[in-house]
Amino acid sequence: RGPEYVAKAVYHYSLWNGDYPYNHATAVDGALSAGAGMEYPNITVLGAGGSASNLEMVTMHEVGHNWYYGILGSNERAHPWMDEGLNTFFDSRYWKELHNDKMNLIPQGLQDRLGFNFTHTFMNQEGYRLSAAQNVDQPVEGHSAEYTSTNYGVIVYMKSGLSFNYLEDYLGREKIDQCFHTYYEKWKFKHPQPEDIQAVFEEVSGVDLDWFFDAYLNGKHKVDFKITKQNESTFTIVNKSGTALPVSLSLLDDQGKMISTYWTKPFLKDTIITVTEQDFTAAKVNANGEIPELKEFNNSYRKGLFPHRRPLALDFLYKFPSPDKFHLGLAHDIDYN
């Protein structure tokens, strides 16, 4: 199925960025793969796939480099996020749209037992959070030589991709696709720099994006929002991140489905959102999880006596914690005398 994986990657990267300008795209089973695979213009060199799922993922990712870095000519040494980060953003989209984000790397029974779904997004989010929780993370913008070996994967690939998920959520799919198409058409074969992609995105979107390209990508801010309620129609959102950022507030029904979503402008400390709907059961910031927050347990408000309550989950031994529940792990201790 290797030719199928190459064809799917060429089709979707062309759809989301701009047409592939060459007559062929080749994948080669080779020994010098520098890991699972290595990209070259027109040619993807593949190592041991391990499984069909892993082979498709590696093929798709390496073929995607024909756009980032190949056609656009991004400099991975100077600004690695412009190559690996943007490529990760699109290979995450590929996996969501073609495989519902699911990865077959861990048996489903074990995932159910531990209480999580091992998705492409989950892998990136938890990889970043592990680094950030230990305060060993680094900014997205930096020279390749500045990163630790762990952070080259966690920050350059994972956090960079997650960061553009955040930007897509803020601008919307249609608008960010217009940005990427314009960026590709304007800068292919011309070696763009960070200020060039920012200029294109701001021109196309009509929005000042200094908060993202300057402050957010150049810092190691631990994103954290908190929701409180003032009255029936007014919420206060607290930004504990240390830099001005926008955030979404979604109103949910009793089934947890979104009724409506409001976006704030970038703000530093706190901001107020006034909603018009009254027939909601709960409100939640970053409800779809596209903003890479370090802490999510303070994102929700529910109508009732205890608005920040979380249902109690009794777990035998351990389950991966959900931010919407309060987990209590139970273990048996059998003794005798």
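These exercises, each with a worked solution, walk through parts of a predicted model.

**Exercise 1. Helix 8**

Find how far helix 8 reaches, which of its residues are buried, and what covers them.

*Solution.* 
Step 1. Locate the helix. Helix 8 spans residues 173–187, which is 15 residues.
Step 2. Check its reach. From first C-alpha to last, helix 8 covers 21 Å, close to the 21 Å expected at 1.5 Å a residue.
Step 3. List the buried residues. In helix 8 they are Ile 176, Asp 177, Cys 179, Phe 180, Tyr 183, Tyr 184 and Trp 187. Their arc around the axis is only 155 degrees, so they lie on the same side of helix 8.
Step 4. Look at the cover. The buried residues of helix 8 are covered by elements including helix 1 (2–16), helix 3 (66–71), helix 4 (84–99), helix 7 (149–171) and helix 9 (194–205).
Step 5. Just after helix 8, Phe 189 has a positive phi of about 65 degrees.

**Exercise 2. The largest nonpolar core**

Determine how many residues the largest nonpolar core has and which have the most contacts inside it.

*Solution.* 
Step 1. Count. The largest nonpolar core has 71 residues.
Step 2. Find the main contributor. Helix 7 gives the largest share of the core, 11 residues.
Step 3. Trace the contacts of Phe 201. Setting aside neighbours within four places in sequence, Phe 201 touches Phe 164, Leu 167, Ile 176, Cys 179, Phe 180, Tyr 183, Gly 206, Leu 209 and Phe 213.
Step 4. Ile 176, Cys 179, Phe 180 and Tyr 183 are among the buried residues of helix 8.

**Exercise 3. Thr 121**

Decide whether Thr 121 counts as buried or exposed.

*Solution.* 
Step 1. Thr 121 is in helix 6 (residues 120–133).
Step 2. Apply the cut-off. Buried means under 20% relative accessible area. Thr 121 is at 12% relative accessibility, so Thr 121 counts as buried.
Step 3. Name its contacts. Leaving aside neighbours within four places in sequence, Thr 121 is in contact with Lys 96 and Asp 101.

Notes
Residues numbered from 1 in each chain as written. Predicted model: local features only at pLDDT ≥ 70, side-chain atom pairs only at ≥ 80, totals over all residues. Heavy atoms only, no water. Helix = DSSP H or I, 4+ residues; strand = E, 2+ residues; numbered from the N terminus. Expected span 1.5 Å × (residues − 1). Buried < 20%, exposed > 50% of the residue type's maximum accessible area, 1.4 Å probe, protein only. Arc of directions from axis to C-beta. Contact = heavy atoms within 4.5 Å. Core = buried A, V, L, I, M, F, W, Y, C linked by side-chain atoms within 4.5 Å.
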